[in-house]
2 protein chains.
Amino acid sequence: MRQTWAPSLGAVYLGNRRTRFRVWAPLAQKVDVHLLAPDNRIVALAPEEWGYFAGVIDGVEPGSLYVYRLDGQKERPDPASRFQPEGVHGPSQVVSRHYEWSEGCWFGLPLQAYVVYELHVGTFTARGTFGAIVPHLDELKELGVTAIELMPVSQFPGPRNWGYDGVFPFAVQNSYGRPEGLKGLVNACHQRGLAVILDVVYNHLGPEGNYLWDYGPYFTDRYKTPWGSAVNFDGPHSDHVRRYFIENALYWLTEFHVDALRLDATHAILDFSAGTFLEELAAVVEQQREQLDRRVYLIAESDRNDARLIRLPELGGYGLDAQWSDDFHHVLHTLLTGESIGYYQDYVGPDSRPRVEYLAKVYKEGYLYTGQYSRFRQHRHGTSPAGVPASRFVVCTQNHDQVGNRMLGERLSQLVSFEDLKLAAGVLLLSPFVPLIFMGEEYGETAPFLYFVSHSDPQLVEAVRRGRRQEFAAFHTKGEPPDPQAEETFVRSRLNHQLRHKGGHAVLRRLYGELLRIRREHPALATLSKEQMEVISYEKEKVLYVHRWARGGDAVSVFNFGDQLVPLNLPIPPGEWEQRVASAEFRTDQDEALQPGAQPSKHISEGEVALELPAKAFVLLMSERHG
Amino acid sequence: MRQTWAPSLGAVYLGNRRTRFRVWAPLAQKVDVHLLAPDNRIVALAPEEWGYFAGVIDGVEPGSLYVYRLDGQKERPDPASRFQPEGVHGPSQVVSRHYEWSEGCWFGLPLQAYVVYELHVGTFTARGTFGAIVPHLDELKELGVTAIELMPVSQFPGPRNWGYDGVFPFAVQNSYGRPEGLKGLVNACHQRGLAVILDVVYNHLGPEGNYLWDYGPYFTDRYKTPWGSAVNFDGPHSDHVRRYFIENALYWLTEFHVDALRLDATHAILDFSAGTFLEELAAVVEQQREQLDRRVYLIAESDRNDARLIRLPELGGYGLDAQWSDDFHHVLHTLLTGESIGYYQDYVGPDSRPRVEYLAKVYKEGYLYTGQYSRFRQHRHGTSPAGVPASRFVVCTQNHDQVGNRMLGERLSQLVSFEDLKLAAGVLLLSPFVPLIFMGEEYGETAPFLYFVSHSDPQLVEAVRRGRRQEFAAFHTKGEPPDPQAEETFVRSRLNHQLRHKGGHAVLRRLYGELLRIRREHPALATLSKEQMEVISYEKEKVLYVHRWARGGDAVSVFNFGDQLVPLNLPIPPGEWEQRVASAEFRTDQDEALQPGAQPSKHISEGEVALELPAKAFVLLMSERHG
């Protein structure tokens, strides 16, 4: 019998009305469990090594409410609470681990097959619950999505939050549903062949309802993060802080059958150890892979452009499976919007104008910054990710941060033309990387995605408002940001799903679906490889030429970012070519008459072919010929 | 013609009475050179990109004194000053780069051949100068030393300092001599086939005479070091801070023909970049290797036990050539002294008693801590250095820190018996690592090596005294530490070279010489390899058995740390064996009669041989047989 991972922290229901409690409280001399409901009693835990306290208590069933009593005085919820029915300041609840899984034979998906759909549980549907997502899964599946990525679901203060203010890493947000609700969502995904990625935040805890300070040295003042105290990953007692977060990762992967974790802001996991927390986490997950019988992945958010993160341990890497490439987004964003302020200054030329060659570099390598000087950071930035497989990069044209951190939360659909949206879809879905779609992007959702919170501490609320105002004042943005605390700000951020059937929205969605279908079916696109690819940028014409190939065929995508219809001689290899997609043909008017799209020769015998490409358009040509 | 590296910062004499000045002063709007002597004049420098100011000034020859005038007001010495004839607060001096080298064909030594002799210029001789070292080189060479390592020589306040309070990284300490003095010492070393290692401090600057704050953002408050502000290696403008220190490294390697740099406390070089300063430094030195036509090395001090530091870049390492292994020292120190307080608690067993198995592990791997829990640090510590060649570890039984950071600066000779000193010599010199001898160790110098400074700021002096007292109070050490500021403390730390001819001192020195000679001549000892080695610890008997082999022969060393003469059956391989060294035979009495030393059979045919080993002694057996 293989040993399956089992949780050691928190309240674990053992059956037969017995529950085991264990908590790390090295600052306490004495820890009791104060059972609040159904009966009210106090039971002492026994001290264990390293400041843990534990005990099995009879007569405690799922549903029981409890807090820990530290040194006979402070009563605090469980740092590893599985559920906080009354929110961050209330008691913790004992939860059953049992769930009737009906996933069938689910082994996960290879990373190469991931097409990620990032969603925020609270605003994806009007109900804002795990359960309310399920009816949408079929349409996502039909679109070509293969994995949904949930923004963090750990308990945060109040009912409205992006999730990055979570303070109970093991408890699902009570306004989203119960733990069974999340399991039900995962189960429903797996039944449909969809993987589930969960966004987890290990670099900080939220500013309200964080009671970990009372338990132990979870935090350190040796380093700072933009969001408060840094987690203590390398100082005294850090082994147990690591254990807490590593157990959290295994908890989601094992008990919730989650397929991958998106590790938020790993650059803010500040750790000078020889063996860093991230390496340890990756090694533990690697050990668990066999037990899990399922493909599982760790995907980092990182702004360091440090290829070491995603290299294999035998090559000195941390062994994480993939990372987000912000560079991809930023370069594309400047090409589409012309924006060049803030961090976008690093993604335009010295003349503040966008450059197609930068996109070409990201397409080829995965990063734009591989060691050159960053004007925004004021120092050289990044390392070369040469040799790192393309499937280790997750790319997007929009995500919660890139949309939501704008003062007005505008999606790309509010910033650029319809033609640009189609062009962006092509750049995203024909890239050799793992694409991520931000909820609603596929049909050009018009609702903003704003920054919203629902803290209960008035001072904190005011501080968040002030911080938000200052942030945008620094960027000389005009006007006032919407009030993050206002319920309206949250409500405005909800998707309008019905849009997807209408006019241009439906056309855009059809393009996403068509591109995903071809990507899935054609080896030259399904094979994520930096090596089986040639990329050329035509700076004057603002055109990007991408030739990808694999056993079974070739694909050539040509993207025109310029405002002009350009005739270009392209080095398309000889062979029989078919135009599979011309973005200009995806029109908003009812008759969908053909525009003068690209019309390449069917047969190309010489090395170069002239192509007339409309402004802000792309074409995809395919050939069965093996390149 | 290959391009040789040339300095870009500081005052560089171009010949023909012309000198080029360049300084990084991004905080200044305007920088002048104020020439003080021989003539007094002010010449403006021209601004360059990135906050540099530069200019070539006619009529300035070596010997000229100058300061920079920042914004027409503050006058400050040059951060890249080549010499400070009047100390840290005085003007800088233009120095000629010319030196009549007469090294002959000096290509440096392979790291495997390094036998390092660490010395402090100020106390190695009564005169305390570079020049005064030269007459001692022949005796070091004759002893078997192949490289001298100079404690830092950069200009520090006053005439007395270990060197870690240096504030002019490019200027040699004025009380040690002039730049030509150091060149002369290097030249004299190379003439004798001795390499020169220079200790450089890139993790902080000293507390007095540091004028870098006035020039630019050399420091950061994002991190802390035990010795003051951390150097800004990863924040805004850090490219230029890096350039300053990288140019410093090349300056010593190129202009002074130094063979290796010992990088002080690299764990305090706090840098979260994707491409760290240390990696960049290693890469730049790697690029320079061809130009230098000489084997050069970067050797890190590090307390992180991070094997990544010394792995090759292609294996994800930083590409440094070697590092000090403190673990080696600490384990051996506990075995010899029984000490178990402070950081030594990590090097004894849970019963606070020394363990031979720990030494066995260090012998096998290079580190003791490869990820296990450290009681002193209160978290797991280190990574496995598996696969890292043995020649990448520098080990010692004493060094300036381990001796000098004791309250009374006692050397091992003051702490343990004569037999123990010989045993320590055997463990050191028969190890598969690069050995480092601390000046005077080889003859059991009796002078302490105390902590001394000569600051001019009374408040700083008092702070150092207080810090020193508090440090030892925390360790419950009785008594008062010697006054670091007192000249006597410095004078007491001087070597008594004449001791080496006397009695037991001479015998000890003879043992060092004999071991070094055999080590050099015998392939099994000259080949530094973790793989061609078998190590067994006998915990009850307190015996360490080490079998090393190479093409050409085998060597077996057996070390007895116990208080008893032990008979032991050892797995010495069959063959013809010769006892080459028995430490017990190195006696202090004049007739040097043999003690009952180890007397193994000449011919060993069976797998185990009984050996009677006196207390606190070792034997070295050798065989021509190829193991």
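Me: How many residues of chain A are in contact with chain B?

Reply: 27 residues of chain A are in contact with 27 residues of chain B. In contact means that the C-beta atoms, placed from the backbone, lie within 7 Å. Keep in mind that this is a predicted model: local features need pLDDT of at least 70, side-chain atom pairs count only at pLDDT 80 or more, and totals for chains, interfaces and linings use all residues. Residues are numbered from 1 along each chain as its sequence is written, while chains are lettered from A and ligands numbered from 1 in the order in which they are written.

Me: Which elements give two or more residues to the side of chain A that touches chain B?

Reply: Strand E15 (219-225), helix H5 (238-255) and strand E21 (379-380) of chain A. Helices (H or I, at least four residues) and strands (E, at least two) are DSSP runs, numbered from the N terminus.

Me: And how do the residues on that side divide into nonpolar, polar and charged?

Reply: Six are nonpolar, twelve polar and nine charged. Here Ala, Val, Leu, Ile, Met, Phe, Trp, Tyr, Cys and Pro count as nonpolar, Asp, Glu, Lys and Arg as charged, and the others, Gly among them, as polar.

Me: What rotation superposes chain A on chain B?

Reply: One of 180 degrees, with 0.1 Å of shift along its axis, and the RMSD is 0.0 Å. That is the relation of a two-fold axis.

Me: Which residue of chain A comes closest to the rotation axis?

Reply: Gly316(A), with its C-alpha at 1.9 Å. Both copies use the same surface: 100% of the contact residues of chain A recur in chain B.

Me: Switching topic. How is chain A divided into domains?

Reply: Domain 1 is 10-93, domain 2 is 111-512 and domain 3 is 530-623. Those bounds come from an automatic or database domain assignment.

Me: What separates the centres of domain 2 and domain 3 of chain A?

Reply: 32 Å, taken over C-alpha atoms. Their contact takes 25 residues from domain 2 of chain A and 23 residues from domain 3 of chain A. On the domain 2 side, helix H8 (356-365), helix H10 (418-429) and helix H13 (503-521) of chain A each supply at least two residues. That side has 13 nonpolar, four polar and eight charged residues.

Me: Now strand E2 of chain A. Buried or exposed?

Reply: Five of the seven residues of E2(A) (residues 18-24) are buried, so this strand is largely enclosed by the rest of the structure. Buried means 20 or more other C-beta atoms within 10 Å of a residue's own, exposed means 12 or fewer, and partly exposed lies in between; C-beta atoms are placed from the backbone.

Me: Which strands pair with E2(A)?

Reply: Strand E1 (residues 10-15) of chain A pairs with E2(A) in the antiparallel sense over five bridges. Strand E6 (residues 52-58) of chain A also pairs with E2(A), antiparallel over seven bridges. Two strands pair if DSSP finds at least two bridges between them.

Me: What stands opposite Arg22(A)?

Reply: Gly10(A). For Trp24(A), the bridge partner in E6(A) is Tyr52(A). In the hairpin of E1(A) and E2(A), with two residues between the strands, Asn16(A) takes a positive phi near 50 degrees.

Me: Last one: where is Ala473(B)?

Reply: In helix H11 (residues 458-474) of chain B. Ala473(B) is partly exposed, with 13 other C-beta atoms within 10 Å.

Key:
Contact = placed C-beta atoms within 7 Å. Least-squares fit on C-alpha atoms with pLDDT ≥ 70 in both.
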